[in-house]
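Colleague: Can you walk me through this model? I have not looked at it before.

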Protein chains: 2
Amino acid sequence: MRPKRRKKKLSEVEGRVKRLQKRLAAGGLAGLVVLHRPNVRYLTGFTGEGWLLVRARGQPRIITDPRYGMQAQEEAPQCALDVVSKGYLMGAAHRLSRTRSGPVGFEGDYISYTDHKRLQQNSKGCRLKAARRLVEELRWIKSEHEIQRIRAAVAVADQVYEDLAPRLRPGQTERDVAWEIEGMMRELGAEKAAFPTIVASGPRSALPHAIPTDRKFGRRDQVKLDFGAVVNGYHSDMTRMVFLGKPTKRQREVYGLCYEAQQAALEAARAGITAAELDAVARDVFRRAGCADAFGHGLGHGVGLEVHEAPALSARSQATLEPGMVVTIEPGLYFEGWGGVRIEDLVVIREDAAEVLTQASKVEL
Amino acid sequence: MRPKRRKKKLSEVEGRVKRLQKRLAAGGLAGLVVLHRPNVRYLTGFTGEGWLLVRARGQPRIITDPRYGMQAQEEAPQCALDVVSKGYLMGAAHRLSRTRSGPVGFEGDYISYTDHKRLQQNSKGCRLKAARRLVEELRWIKSEHEIQRIRAAVAVADQVYEDLAPRLRPGQTERDVAWEIEGMMRELGAEKAAFPTIVASGPRSALPHAIPTDRKFGRRDQVKLDFGAVVNGYHSDMTRMVFLGKPTKRQREVYGLCYEAQQAALEAARAGITAAELDAVARDVFRRAGCADAFGHGLGHGVGLEVHEAPALSARSQATLEPGMVVTIEPGLYFEGWGGVRIEDLVVIREDAAEVLTQASKVEL
């Protein structure tokens, strides 16, 4: 089996490089300096640190340091390799200074102001040109193979939730539960947590991105669990609310609104709708209830080799949803002093609907 | 006790801001846009996401989004606060466009090429000027209070090592041991691991930054353990080798050389020596033995609010060691196909010597 799988992996990354090379040619670029690590991984399979030079034709070249040389050979045998000891930037500049065939793009979103200056100064004779999202816009449409990997990461988180949620009790601490979630994910095969697990209870649930503390759950607390797993480099991301006692009237109201907003967005999500329109679908539910101000973040974000990637689903987003995009749908309401709720599913955008990947049960009030 | 501790914390961050303001005045800057998260934390105590505007005089201003508004108020009550929903960059630009008093610095190492362009375009009337290491060079000299925090993080890792090392056995997997280490650190009070724990066994120990795999330890394997804890935001970092059987001749030779190089560097480390000189002390031991090529990384790096921070200890470093710097000393030798060794301690640079913080025992062959 092993040689077969290896072959398949090679052709997948090679196909991605070919698609990028088409974009380079279309944009009049002789090449692209790739710095963003998930982009390097996407194009090569190499998971260490380094830069990547992709020319409009031919074999991509990984520039790494001796710590990662062996790993690069192992993970990306299809690439040329420079193992340099004076920094990736100088290694790239050395190669670029021989390029006289046209402007070479660089990832303006990921190179620092300082490094851009240094790269320019040391790449004599090469015209550098800022390029944005060339790889990201390949990445945001997932292949079915990638969706399978995301499904595996989703399944881990789903199972953890179903095991854990019924066992939550007053007196447990946020920190202990967060740690338990991360341990369960590892036992189920996750490489690591997709991001630091959020367990926020009672009034602390009003912090959208709370860091777990030693606070003990109270008897009628709401507990916000936001976590995800990484499996084979791909992430999942989900949020569920657990009510430890019989929900109060306000808990029912706030959760009910959030549930309604999320359902509306899940139903509206499909290819062709813009990210801003989809954000508005959820936001309008809150607006009609007079609490749109309590929804202080966007509706969602892309998920893949990064837990936050393009496209953003927000009022300011320029994106239109396309088949194969994998995004979160996660409206929330936050009231300082009282608490907050959020419900988050991961979905695949299909032609006529969103396919909900997250299977974990949701509280129905 | 609580109000007292709070007061102390405030005055510490305020003192840091005052020292930065002196540097700004000396550099002819009317202010500094701080983006790097550990720098924001260092100057304010705020641990969420956001930017910080420090003017040459007066109260610093945190620019964050609604997810972190409450947290910023809680953690940094001494700061002014803008909670913005159109991005930190636009929030900063809004404030900067009112500045007519002189050039304002920005952290050129941390702002992307793209964001710098956008910040410039949206900060009409404000002259922006790249600034480097203004906060980092404050941070690299630690106060005794900070050293105490680092000691706490070191103590956690030390204890984990002493508990775990005698229990390592052939048949355990790298992944399981890495996870056990991280769990033990949490139980001992760490917020999290300082970086993904490295457990590399047998030939895999030749990868300086190996990701733990399901490889089972063999009977005569050497196991490289490289890990650290975060306590109160401060990091520790240590590497130890464990030999599961009676060490082979080659294991003894390679380990012995690495031990000798590390001892030489520990003994040479003190205020006044340059980072490049100290790197050479260890490298010369390997050079005399004819294996300097197998030491493919620098001797060490600063540790504090980041696990890798200034100063770098390498042949290319421009730094001179000063009292209060906290750095790793970690020579290593790596032989593809055979394996590698590294020994790493964390030390505080003092006037006449290095104070070794790491107390974990070392194999003596």
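Predicted model: local features only at pLDDT ≥ 70, side-chain atom pairs only at ≥ 80, totals over all residues.

Colleague: At what angle do H9 and H10 of chain B pack?

Modeller: About 155 degrees, between helix H9 (residues 249–268) of chain B and helix H10 (residues 275–288) of chain B, with the axes 8 Å apart. Axes are lines fitted to C-alpha atoms, for helices over the stretch in contact, and angles run from 0 to 180 degrees between N-to-C directions. H9(B) and H10(B) are therefore roughly antiparallel to each other. Helices (H or I, at least four residues) and strands (E, at least two) are DSSP runs, numbered from the N terminus.

Colleague: Which residues make that contact?

Modeller: From H9(B), Leu257(B), Glu260(B), Ala261(B), Gln262(B), Ala264(B), Ala265(B) and Ala268(B); from H10(B), Leu278(B), Val281(B), Ala282(B), Val285(B) and Phe286(B). Contact requires C-beta atoms, placed from the backbone, within 7 Å.

Colleague: How many of the contact residues of H9(B) with H10(B) are nonpolar?

Modeller: Ten are nonpolar, with one polar and one charged. Ala, Val, Leu, Ile, Met, Phe, Trp, Tyr, Cys and Pro count as nonpolar, Asp, Glu, Lys and Arg as charged, and the others, Gly among them, as polar.

Colleague: And chain A, what about its H9 and H10?

Modeller: The axes of H9(A) and H10(A) come within 8 Å and cross at roughly 155 degrees. H9(A) and H10(A) are therefore roughly antiparallel to each other. Among the residues in that contact are Leu257(A) of H9(A) and Phe286(A) of H10(A). By class, the contact of H9(A) with H10(A) has ten nonpolar residues, one polar and one charged.

Colleague: How are the chains related, then?

Modeller: A rotation of 180 degrees, with 0.0 Å of shift along its axis, superposes chain A on chain B at an RMSD of 0.0 Å. The two copies are thus related as by a two-fold rotation axis.

Colleague: How many residues does the contact take from each chain?

Modeller: It takes 27 residues from chain A and 27 from chain B. On the side of chain A that touches chain B, helix H3 (69–75), helix H5 (113–122) and helix H8 (174–187) of chain A each supply at least two residues. That side has twelve nonpolar, ten polar and five charged residues. The same surface serves both copies, as 96% of the contact residues of chain A recur in chain B.

Colleague: New topic. What is the strand order in the chain A sheet?

Modeller: The order is S7-S10-S11 (chain A), an open sheet of three strands with antiparallel pairing. Two strands pair if DSSP finds at least two bridges between them. Strands S7 (192–193) and S11 (234–235) of chain A are the edges, each pairing on one side only. S7(A) pairs with S10(A) (residues 229–231) over two bridges, and Ala229(A) in S10(A) is the bridge partner of Ala193(A).

Colleague: Which helix packs on that sheet?

Modeller: Helix H7 (residues 144–164) of chain A, which touches S10 and S11 of chain A and makes about 140 degrees with the direction of S10(A).

Notes:
Residues numbered from 1 in each chain as written. Chains lettered and ligands numbered in written order. Parallel < 35°, antiparallel > 145°, perpendicular 65-115°, else oblique. Contact = placed C-beta atoms within 7 Å. Least-squares fit on C-alpha atoms with pLDDT ≥ 70 in both.
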